[in-house]
Amino acid sequence: MTSCDVLIIGAGLSALQAARTLQTSSPESSRKIVLLEARNRVGGRAFTHSYALDAHVDLGCSMIHGYYEGNPARGLLRELEMDVHIPEGAKGLVYGDEGPLTEADSTSLFATSTQMAFKPSPDTTPADKSVADLLFPTLKEKDERLIAIARTGEIGAGVELERTSAKWTGFEKGVGGTDAFPEGGYSEVIKNLVADFKSQGGQLELEQQVVSLKDLSTEKGVEVTTRSGSTFTAKYVISTIPLAVLQKDPPTFEPPLSKTFQSAVERTLVGNLEKIVLQYSEPWWPSPETNGSFLLLPLSTSPYSPSESATAPPPKTLEELFERTTIPIVNFYRIGSTPHPTLLAYIGATAARHLSNFSSSEISSSLHRYLVRRLSSPNAQSVSEPISFVVTTWTSDPYSLGATSTPTTLLTSADGTHASPLDFVVLSRAEWDGRLGWAGEHTDLDNHGSVCGALVSGKREGERVGLLLEAEERKRGK
């Protein structure tokens with residue numbers, strides 16, 4: 001049995017930030033901190049694919065949103081002496097049924113979309129209405145393409161607008177603005193955090209999936225058991241177990257967690273977002289040096305919706321799936337710190353769930369053909385196949401079971417309570433008289449679903465537990 005002062009479950013950004021906060025707040029102390037990671041690698045959903053020198057693509061979190069506007073990741077990277085890359089001046093093309101829209105048409109569409117942005121009033125908006133219920137009829141009257149553009153919001157959120165609460169949309173006040181990419185990707189950030197953690201005496205254990213937690217007492221702390229049979233005791237435990245794992249495959253808790261906490265877990269949704277990375281020997285798409293992105297609007301006016309996916313069979317072909325999905329494409333030949341001929345497609349919400357019915361090779365080949373069809377000139381048959389590909393599987397990954405938490409949805413828990421932004425606050429509240437705390441993007445109201453939320457929550461829990469340890473240390477000193 002291993003004893004420690006603080007045991008942190010996970011080794012992703014929030015866990016490493018919590019450990020860093022504990023270590024830097026009292027560098028002279030001899031606190032023992034242990035990180036238990038279920039995977040055979042660190043980072044969690046911060047994971048970078050590198051296929052050549054200076055050719056990096058983040059498969060989980062990728063950008064630092066609001067780099068100059070207050071995102072704490074900026075301060076962290078400065079501490080780690082890491083640089084960022086900020087793409088500037090890249091153009092974006094929008095593709096409709098008949099090819100790329102003119103700049104004037106695209107500008108008009110996005111201007112109208114911005115003007116029609118959904119701004120609900122929590123006081124007057126019915127609790128049972130979705131964003132789609134209230135927004136889509138207005139957009140359809142103006143231009144059906146506006147609905148396809150509105151659905152771009154589903155991709156990062158991981159949930160359909162038909163399931164997103166109209167009452168609470170926009171309630172959170174997260175950080176936005178300048179987008180920056182960490183040089184070397186987020187795996188480089190993780191590597192540096194782990195190195196600092198170990199240099200300060202921290203202990204990291206991989207392949208240690210936690211299966212049970214038992215609250216012993218104020219004096220004895222918490223007992224944690226892993227699937228390998230290892231047992232640890234700690235004065236305090238900080239859990240960064242992803243929300244979907246808490247919902248679908250949680251460890252056992254003795255005594256059980258509070259009903260308030262369990263109901264909030266039940267009401268909060270984890271979204272679906274997968275990435276498809278296609279690497280080519282050379283760029284073949286339009287103006288690769290200037291076009292940083294392409295937005296492919298659906299070729300069908302009836303995209304997949306949650307109600308349809310529950311009653312209709314899944315798409316028979318990937319071509320059908322892609323044709324009915326709004327797909328953003330990122331061109332790393334333009335936005336990469338070092339240009340490399342790579343395209344990255346984001347597939348979110350219902351479409352991401354359907355991807356699990358196909359193999360990675362089927363997905364990559366089908367997407368390649370679809371991109372050639374939508375982006376290429378008439379001599380499309382001359383475009384070579386990608387030389388390598390990656391398709392993420394966050395939805396089926398047993399240690400994530402999805403992407404990140406979504407905006408507030410229309411879900412209700414078994415007790416009849418409607419989901420609300422307050423659920424993110426409940427998910428941040430410690431249990432067992434403060435001995436079991438929670439961190440992770442899903443525990444921060446304003447920044448859930450983001451790197452910012454992971455870092456803010458990790459710092460919050462590190463400070464909370466640090467103060468409790470300081471109180472104990474002062475008491476012993478007397």
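## Salt bridges

The side chains of K191 and E188 form a salt bridge with an N to O distance of 3.1 Å; the term denotes a side-chain nitrogen of Lys or Arg within 4 Å of a carboxyl oxygen of Asp or Glu. This is a predicted model, in which local features need pLDDT of at least 70 and side-chain atom pairs count only at pLDDT 80 or more, while totals for chains, interfaces and linings use all residues. Residues are numbered from 1 along each chain as its sequence is written, and side-chain values use heavy atoms, with hydrogens and water left out.

K191 and E188 both belong to helix α7 (residues 186-199), three residues apart, about one turn of the helix. Helices (H or I, at least four residues) and strands (E, at least two) are DSSP runs, numbered from the N terminus. K191 is partly exposed at 46% relative accessible area, and E188 is partly exposed at 27%; buried means under 20%, exposed over 50%, and partly exposed in between (1.4 Å probe, protein chains only).

The structure holds 23 salt bridges. One of them joins R267 and D423, at 2.6 Å from N to O. R267 lies in helix α9 and D423 in helix α15, so this pair ties together parts that are 156 residues apart in sequence. R267 is buried at 7%, and D423 is buried at 4%. A network of salt bridges links D5, K235 and E472.

## Aromatic rings

Ten aromatic pairs are found in a search of the whole structure. W284 and W285 form an edge-to-face pair, with 5.6 Å between centres and 80° between planes, and both residues are buried. Rings of Phe, Tyr and Trp (its six-membered ring) pair if their centres lie within 6.5 Å; planes under 30 degrees apart count as stacked, over 60 as edge-to-face and the rest as tilted. Ring pairs also link F253, F261, W432 and W438 into a cluster.

R41 lies over the face of F47, at 4.0 Å from the ring centre, and K167 lies over the face of W168, at 5.6 Å. Such a placement requires NZ of Lys or CZ of Arg within 6 Å of the ring centre and within 35 degrees of the ring normal.

## Backbone features

W432 has a positive phi near 55° although this residue is not glycine. W432 lies in the loop between α15 and β20 (436-438) and is buried at 8% relative accessible area. L401, likewise not a glycine, has a positive phi of about 55°; L401 is buried at 17%.

The peptide bond from E254 to P255 is cis, with omega near 0°. P255 lies in the loop between β14 (252-254) and α9 (259-267).
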